[in-house]
Amino acid sequence: MRKKITALKELTRNLWWSWDTEAKQIFEELSPLLWQRNNHNPVQLLEHISDDELISRCRCEYGDKIDRVYKRFTAYLNNKDTWAAQHAPELVKNTIAYFSAEFGIHESVRIYSGGLGVLAGDHLKSASDLGLNFTGITLFYKEGYFRQYLNHDGWQMEEYPLQNPQSLPIEKVTDAEGKDIIVTVNIAQSEVYAQAWLLKVGRAKLYLLDTNIAANEPHYRDICCRVYGGDQNMRINQEILLGIGGTKLLDQLGIQPAVYHMNEGHSAFLTLELLSMELAKGLSQKEAMENVRDRCVFTTHTPVPAGHDRFSREMMHYTFDKYLSTIGMGFDELMLLGSEDRNNVYGLFTMTVLALNLSRSANGVSKLHGEVSRTMWQHLYPEKKLSEVPIGHITNGVHASSWTCGYTGRFWQRQGITVDDLCFSREAAEAVLARITDHDLWSLRYSLKRRLIDYIDRYLGNQLFHQHINSYYSDYNTLVAAKNTFSPDVLTIGFARRFATYKRAPLIFKDLGRLDRIINNPVMPMQIVFAGKAHPHDDAGKDYIRQIVHHSRRPEFSGKIIFLENYNLGVAKRMVSGVDVWLNTPVRPMEASGTSGEKTVLHGGLNFSVLDGWWPEAYNGDNGFSISNGEAFENHEEQDSFDAEQMYTTLETQLIPAYYERNELNIPVRWINKIRNAITTIAPEYNTHRMVKEYTTKYYLKH
Ligand SMILES: *Cc1c(COP(=O)(O)O)cnc(C)c1O
């Protein structure tokens, strides 16, 4: 019995469980209520359950389940017959160090803000599944990203609940004698100390640096307080810790990565630490730079110039003065590495430029974004033609088994295929879909939508219970009016993501009369669920949320359009699985890739999106819907009007009629054919197994 309990506890300490349907189930089954209340955190869940209770539970069938899951877990960890063993054996021996300011792995570990983090988490999981030796580096943010709630006016409010390391599946990193490993970095004239935590994600390791220790001056203890928190000064401090501190940590642990992968420019200071290590060996600056470049790869994610991290010369000087004196590098030499103009060291220091200068490869995250990036950075390569600018692309994907873990995972299992196999090739997907009847697919859609609606009802109930009059539902009657009004018979649209303004969340409200006629069509109605956080400093984004909340309270939309608070990985899982259609309305080409629509497809959802990011690559005319053909206008207002008009017309003339066109068994055959087409054409391409394989063969392996 003790052995089973030890096994159960060990399972809580590796996030592998978060993409294994049965493993997740053994936690949920212990107490569905506590599971929910503890934000699906099994470490915290077990704090509430006594060993006596566990022992008695383990005497029944439950104990066998633990054995079964634990056996699969150890087999997973010890599997030597992996993709990497066959295709990249040197990357089984040597690690890839992947640096990212955020990792979205599971909702219970709040060290992410949005898409960039979720991508990093999914990348880490696929690297583990494929058998690569993979080490992630990030920061431990004690307050994480904020918890969102809305006040009575629909204005976003932010709360920062503390994360207790004791209740997370992380452990302190110590040396052979059990002493804490401490990393020291120079910031301005000070030395700043960080301890390290380790989070296990399957076979992959994720190290988290944490400055919240007594050795630090108070203002440096807070560097790791919040994801993307604070001002420019906080930002540069976080980035020094991530890049320089992370590189030093690996060195102290005796880890010599074969590749340093910078996921976005935030971590680009790592190249300076690598340079300093090379210079310390007595190499010339030129040789040192060659050696650094030889080990670094860089992925850029930002299609607009203003989105890239830049620091003033003064701030760079103040922050790096002492550091430079210890490594023997001149300040202007440093500025040149991050300058957009080779002849000017007096301008801004751009992290992306540093990363481009000191990487052996660089890439954008979709085909379109690759093109946009080459145009945006061409001036750094004046001797090159546009097509020769050395920035390629690898289109983002999603970790299929994480996003289907649970109900949909079991559905595919019943069809005799794992989700990974479904995503392995188009042939595999076609073969299994040929066996599935329209009725089975339609019944999956119904079940998933029913589950989402039940979830929404519970969620709105909690929203009121916890926030009383602070909630956007300011009294019980309005809450009841909004509850239990969603129907699984009604076409359901989902929109959820960060509320960056370029994503234009309120676009569908452009013409309220027309939207009213669509939503309240007596034979072909529609309902919409929204969610998303605006960055705490982004008042324009917060105003978008407020607008949507106000619209949703209009009598004609009440109970048919809702906004769920506190979008996170858990809410995302419910939404992408339950809705019929996933809507995306970015201003082209500002969505570098986007991934949330890729999650929907695995559940039989369809995309309805502007042809931006990954969608122009995937859309074939019959596996979803597009908003316009990419017509571009100089004027924002004109662009919005045009895109909104196109959206309404496509809804009215194509999307809604296809959904409500039924055969004699009330099955929408044409719609289901689109679902089949979407699964077979999209699932095998837009997943992180394909993506990580591509990174490996194109960039990680030496050519
Ligand atoms: C997938 C995901 C994102 C990314 O969404 P996009 O539509 O690609 O911007 C952001 N936040 C969460 C919680 C996600 O799960």
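Here are a few notes on a ligand site and a helix pair in this predicted model.

1. Start with the ligand. There are 14 residues around it, and R497, K503, T595, S596 and K599 come nearest. By type, that shell splits into 5 nonpolar, 6 polar and 3 charged residues.

2. K503 puts a polar side-chain atom 2.6 Å from an oxygen atom of the ligand. With T595 it's the backbone that takes part: one of its N or O atoms lies 2.6 Å from a ligand oxygen. K599 uses its side chain, where an N or O atom is 2.7 Å from an oxygen atom of the ligand.

3. How much of the ligand does the protein cover? On its own the ligand has 390 Å² of accessible area, and the protein covers 96% of that. As for where the shell comes from, the elements giving two or more residues are α9 (115-130), α26 (569-578) and α27 (596-601).

4. Next, have a look at helices α11 (residues 232-252) and α14 (residues 313-327). Their axes come within 10 Å and cross at roughly 35 degrees. The crossing of α11 past α14 is right-handed.

5. Which residues meet where α11 and α14 touch? From α11 you'll find Q232, N233, I236, N237, I240 and I244, and they meet M315, M316, T319, F320 and Y323 of α14. Sorted by type, the residues in this contact are 7 nonpolar and 4 polar, with no charged ones. The ligand shell, for its part, does include 3 charged residues.

Terms used
Residues numbered from 1 in each chain as written. Predicted model: local features only at pLDDT ≥ 70, side-chain atom pairs only at ≥ 80, totals over all residues. Heavy atoms only, no water. Axes fitted to C-alpha atoms, helices over the stretch in contact; angles between N-to-C directions. Helix = DSSP H or I, 4+ residues; strand = E, 2+ residues; numbered from the N terminus. Left-handed = near helix turned anticlockwise from the far one by under 90°. Contact = heavy atoms within 4.5 Å. Nonpolar A, V, L, I, M, F, W, Y, C, P; charged D, E, K, R; others polar. Near = heavy atom within 4 Å. Polar contact = N/O pair within 3.5 Å; in protein donor to acceptor, adjacent residues only side chain to side chain. Areas by Shrake-Rupley, 256 points an atom, 1.4 Å probe, with all protein chains shown as cover.
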